[in-house]
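Here is a briefing on one structure. Please keep the sequence and the 3D view open while reading.

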Amino acid sequence: MPTWCPPHRERRISLVFVTHVVYACALPIKLHLDFETASRVDLKVRGLDNYAKDPSTHVLMLAFAHNDAPPQMWFPHEGPLPEYLELELRRPEIRKSAYNADFERTILREVLHIDTPARVWSDPMIQARYASIAGNLEFVGKVLGLPADKAKLMTGKKLIRFFCVPNKAGEFNTHLTHPAEFAEFTVYCRQDVVAEREIGKLLKAFELPPLEKRIFALDQEINARGLPVDMDFVRKASKIVEEERADLTKEFVELTGLDNPNSVSQLLEWLKTKGYPYGSLGKKWVDKALSTVDVTEALCRRGLELRQLLAKSSTAKLQALLNLTGPDGRLRNSYSYGGAARTLRWSGRGFQPQNISRPTIKDVTGATAAILTGDREAVRTFGPPLDAVVSCLRGALCAPPGKQFVVCDLSSIEVVVLGWLVGCSSILKVFEDGRDPYVQFATMLYGLPYDQITKEQRQISKPPVLGCGYGLGGGDDAIDKNGDAIRTGLWGYSQGMGVETTREQAHEAVELYRNAYPEIPRAWRKWENAAIAAVRTGEKQTVGGNITFGCVKGKLLWIALPSGRRLSYVRPRLETEEGFGSDKLSYEGQIIGAHWGRIHTWGGKFAEQLTQATARDVLAEGMLRATAAGFTICGHSHDEIIALEDVGSPLNLTKLREAMITRPTWGPDLVLNADGYCAERYRK
């Protein structure tokens, strides 16, 4: 029992108040917390909102610790929450901390009915992300090298399955049925507090700066507010998808004679006997096969068409909406703050509203209305039903009656930010003149006046403008792991965007880009040299007056952005490549999923990360300004804000655009533009 916990319950209230007055004046208290809960709801499938609100969800135990004191335990089966602890939880001046604190905050609010504002919490997971270490408690502990007595216990997954979900009989295992295992679970829960507290100490330098704390608090508000979903649309679209997939699958089985035509290995083997020339069934390969004259056999062509239709992953978003949308029709917790390593951009969760396919049919409004009738044949008039549903998915996000979405996105934000970072007057003039950067590049590529550039020429010019700034070369032929011929560099990048060019055209575009905007390749070299010098000498290196590189004793390479925020690169190292004699820079980071390893980097990659991180800061500050102006933000993407307002409200597109294009104090000469729409349904 901590020294400030009164020894006698009947004297608790008075002593607690005296104690809190003393501690508030003398010693800041941080309360470290970790819940273990049980529910009949699958957290991973249904999401935190549905999980926490379900009547079956209950607290098994709470581990808590004041500052550096040993962790204590509260068990609901032993009695109500101690009054002193409830008081501490409710008092905003007492800081709270938890790893993935949103879970603890939500359980406190929905299960224990104790509402705590996001601003009073700190989160070692967010500190880790700010240090470019994204992962769960166990993973981050391993990266940081926590000693065994400070690390998360490895027995957790087994114990969570044992106590937190119903057993085969549909009942919960408890402290009564399995006391020994429950005692082990208690040790595990207590150790989580030790581990998260130690990670917080090790990452003390990565506490969010004041501005980022405001952005994180806003992120929590947006996640809690949620996106409004038209569940009638979702249910009818899901039924249409289910019926269409059943018919297509039946045709697929009859066509191929396979037991499971969705098996990649089985289908690939069958297709090769019918003339399919590639070793992969990836989308780009199927598209390529269907677009060539080589695949002429009708069975093969139809098999590829069916594969293409049934492989549409975007239809899985409908199931995500069915699973994750709350009983009030709101989709919550869709955004993961700092989910993108190093840039701190948001990533998506569940439905992933930042990653919805572009429409492939022309009349999205008509197709949406047809979906709402529930008539699959009516939908078919707008195109194949699966294509139509995928094209209309954005419209599943729908404003309630009397409300509308006010949506605005920053124009070509990465292009203008890169031009601004490197001081490229030619790029900045394009935006100062209010011109389209893709059309402008097309004038150089085709030697035509601005007003004579066609839509096709603009489309061909888009990949060079978007990719060449980050160091893409022209590209060549190569062979992938499946033995298929692929394209690299801009040539392959353009193909991935659906733009077909020749190898010669790709190389010509790269040369033209670098000659037209010479400040950009010069910046690659300067940034790379500055990073290497910072790692070698430990001295700060400032480039262009707005980017500073520094290194902390070989443990961390950092880059200060114009906003003042820092990017982090863990354990940088210089290597001399044999035969070249020049230094190569590498650092440790996530490669694929939770795999941690060494990553080599160079100036072009710095250009990409600095640009995306700065563009993120522009958007984040726009979100803060929009909120201060009164907008109710319910969603966002890398360059876009989605607000939900009353129809006829003075909070209109003009005011949202003004909030987004106001130049930040750290970028008074940054030219920003934005455009958008007001509508009942979300759209592209």
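The model is predicted. Helix 21 and helix 22 cross at roughly 120°. Elsewhere, the structure holds four cavities of 30 Å³ or more.

**Helix 21 and helix 22**

- Helix 21 spans residues 455-467, and helix 22 spans residues 489-496.
- Their axes come within 9 Å.
- The crossing angle is roughly 120°, and the two helices are therefore oblique to each other.
- The handedness of this crossing is right-handed.
- Helix 21 brings P463, P464, L466 and G467 to the contact. Helix 22 meets them with L490, Y493 and S494.
- By class, five residues of this contact are nonpolar and two are polar. No charged residue takes part.

**The largest cavity**

- The largest cavity has a volume of about 80 Å³.
- Its lining consists of L48, D49, D102, R105, T106, R109, Q220, N223, A224, R332 and N333.
- Helix 4 gives the most, with four residues.
- The lining of the largest cavity has five charged, four polar and two nonpolar residues.

**Points to check in the view**

- Which residues of helix 22 meet helix 21? They are L490, Y493 and S494.
- Which helix gives the most to the lining of the largest cavity? Helix 4 does.

Technical notes:
Residues are numbered from 1 along each chain as its sequence is written. This is a predicted model: local features need pLDDT of at least 70, side-chain atom pairs count only at pLDDT 80 or more; totals for chains, interfaces and linings use all residues. Side-chain values use heavy atoms; hydrogens and water are left out. Axes are lines fitted to C-alpha atoms, for helices over the stretch in contact, and angles run from 0 to 180 degrees between N-to-C directions. Angles under 35 degrees count as roughly parallel, over 145 as roughly antiparallel, 65 to 115 as roughly perpendicular and the rest as oblique. A crossing is left-handed if the near helix is turned anticlockwise from the far one by less than a right angle, and right-handed if clockwise. Contact means heavy atoms within 4.5 Å. Ala, Val, Leu, Ile, Met, Phe, Trp, Tyr, Cys and Pro count as nonpolar, Asp, Glu, Lys and Arg as charged, and the others, Gly among them, as polar. On a 1 Å grid over the protein atoms alone, a cavity is a set of points where a 1.4 Å probe fits but cannot get out, and a pocket is an open set with protein on both sides within 12 Å along at least five of seven lines; lining residues have an atom within 4 Å of a point. Grid points are joined across faces, edges and corners, and a volume is the space filled by probe spheres set on the points.
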